Amino acid sequence: MTAASRWRGGYWLPALVVGLLWLARYAHDFGFPAAPPWAGWFDQSRYLASVRALMQLDFDAAQHWYPPAYALSALPFAWITPNTPFLIADMVLFALTAAAFARAMRPFGIGPWLGAAIFALSTLTISQVAILWVEPWTTTLSAALLYGLFAAMAMLFESEGKPPAGPLVAVGALVAALPATRPADAVGGLAALVAAGVIAARRGVLDRRTIGLVAAGGLAVALPYGLLYLAIYGPELSGYIIAGRGQGFAFGDLPWKAYTLLVAPRPWFPDGRGLIEVAPFLLPGAAGLVATAAIGGQAARRMLALIAATGLPLLAIQLAYTDFQPSGMWVYGNAHYLIWLLPLGGAGMWLWLRAFIRWRDWAVTMAATLALLALICVRPLPEAVGDDRPARMLMFHGVLARHWSEAYFASVVIRDAKGTMKNVGGFHQLPDDHGEREIAIGRLFNGPAERLDPGESAHYAGWQRPYARYAVRLSFGWPRWDRRRACDLPR
């Protein structure tokens, strides 16, 4: 039996079961209304507009805010369920992701049914996580592409002698499809391509045939997508790419962003929750993956190297995106950026549990666990400072009766020693017990600062000075997951 036939025979039935579980979760969360609640949301309404425009062969750029690859995935189903074209598409993509994930986990000794079970448990059992998979997001497609890439790589790793043509073509096609879905995901695809090239060179199979087949797969996707792009946007950048570039990335903020998004956002964001807090299996899961890098076999270590080489640059660019903040992580579903991490965490959790029943692996696994626990105990906490030091957060007295979203999206302006900053783009305004707090996201607040909030002009006319300023100080202690004291600020 060939590798391809084993892939077809062993993984599709578990994936079908997982797809039906997704459908059950969708029914539980939404039912099957004619117009789902997400249809009018900012992102989802634009997905729908793009699908409907493609149905009419309408290539007006105004109808295609996002790259059209995700809309194309729903196009075949738009005539079946015109009001919810992503219902069937997302179910199919979820099942395909489950199959690809299970196949990619084979080097770790995880079989098809166990892989499917891990995938379902890590994606559908926690409500705040499951909603990110059943609501339409472009990351549903990008996750399928990413795990498809890992699965194709796993098949190449297991081949002997000349690499098979199918997985090589698939690698090129999947790498090309990632930026067509989410432009920033090109970082992960290129990193995977480089890592695969290094591995192929070390095995002595990086020849013209290998490069040609990968290139052929990439061109098979890039050329038709390029023609579609030109038909819609012409030779110009799309509005989405321009907006993302304008929002920008703050790579210098990565340590602070990683902690507040992944571990614990409080006390900076009083109502926030880190990804680990919502999905606690990610912590032992990370320890299990780290331990496997030391105690696993050659196939497992090679697969881990590829996942790390692909996932870490992708994670870095996602965390560095300035608009990705704990304030909107769960309220507005921005946590969907990170859904690709969840199945990996589930697989790591299984590896962690399995390592503990093997006495020879116990010490390494415990060491990895303690090291990660120590790492998350390095906390960036607020420290009250004066105007002579840059500040991460400013506190203002404000009107407490405003709705949360009204305060969050208010047309607020702050001016300081380095210029003027606007709300949402340069900082985020959050409601607070005494008014509002401003969290710097592009650059820190420098020198004396003043705020102008038109929504509070009847109470606070003109420019207002903050009553407190906070910089970041590092401390060591348990993350602020206890809500009773999690939001205490020093005075």
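Helices (H or I, at least four residues) and strands (E, at least two) are taken here as DSSP runs, numbered from the N terminus. The structure is a predicted model, in which local features need pLDDT of at least 70 and side-chain atom pairs count only at pLDDT 80 or more, while totals for chains, interfaces and linings use all residues. Residues are numbered from 1 along each chain as its sequence is written, and side-chain values use heavy atoms, with hydrogens and water left out.

A cavity is a set of points, on a 1 Å grid over the protein atoms alone, where a 1.4 Å probe fits but cannot get out; its lining residues have an atom within 4 Å of a point. Grid points are joined across faces, edges and corners, and a volume is the space filled by probe spheres set on the points. Searching the whole structure gives three cavities of 30 Å³ or more.

The largest cavity holds about 70 Å³. Helix 7 supplies the largest share of its lining, with four residues; the elements that contribute two or more residues are helix 7 (138-158) and helix 15 (298-320). Among the lining residues are Thr-139, Ser-142, Asp-185, Gln-318, His-336 and Trp-340. Ala, Val, Leu, Ile, Met, Phe, Trp, Tyr, Cys and Pro count as nonpolar, Asp, Glu, Lys and Arg as charged, and the others, Gly among them, as polar. By these classes the lining of the largest cavity has seven nonpolar, four polar and one charged residues.

Attention now turns to a helix pair. The axes of helix 8 (residues 165-181) and helix 10 (residues 208-233) come within 7 Å and cross at roughly 40°; axes are lines fitted to C-alpha atoms, for helices over the stretch in contact, and angles run from 0 to 180 degrees between N-to-C directions. Contact, meaning heavy atoms within 4.5 Å, involves residues including Leu-168, Gly-172 and Ala-176 of helix 8 and Leu-213, Gly-217 and Tyr-225 of helix 10. This contact comprises 13 nonpolar, four polar and one charged residues.

Beyond helix 10, Ser-238 sits in the loop between helix 10 and helix 11 (239-247). Ser-238 counts as buried because its relative accessibility is 2%, where buried means under 20% relative accessible area, exposed over 50% and partly exposed in between (1.4 Å probe, protein chains only). Leaving aside residues up to four places away in sequence, Ser-238 touches Tyr-229 and Tyr-233.

Technical notes. 1 Å grid on protein atoms, 1.4 Å probe; cavity = no way out; pocket = protein on both sides within 12 Å on 5 of 7 lines; lining within 4 Å.
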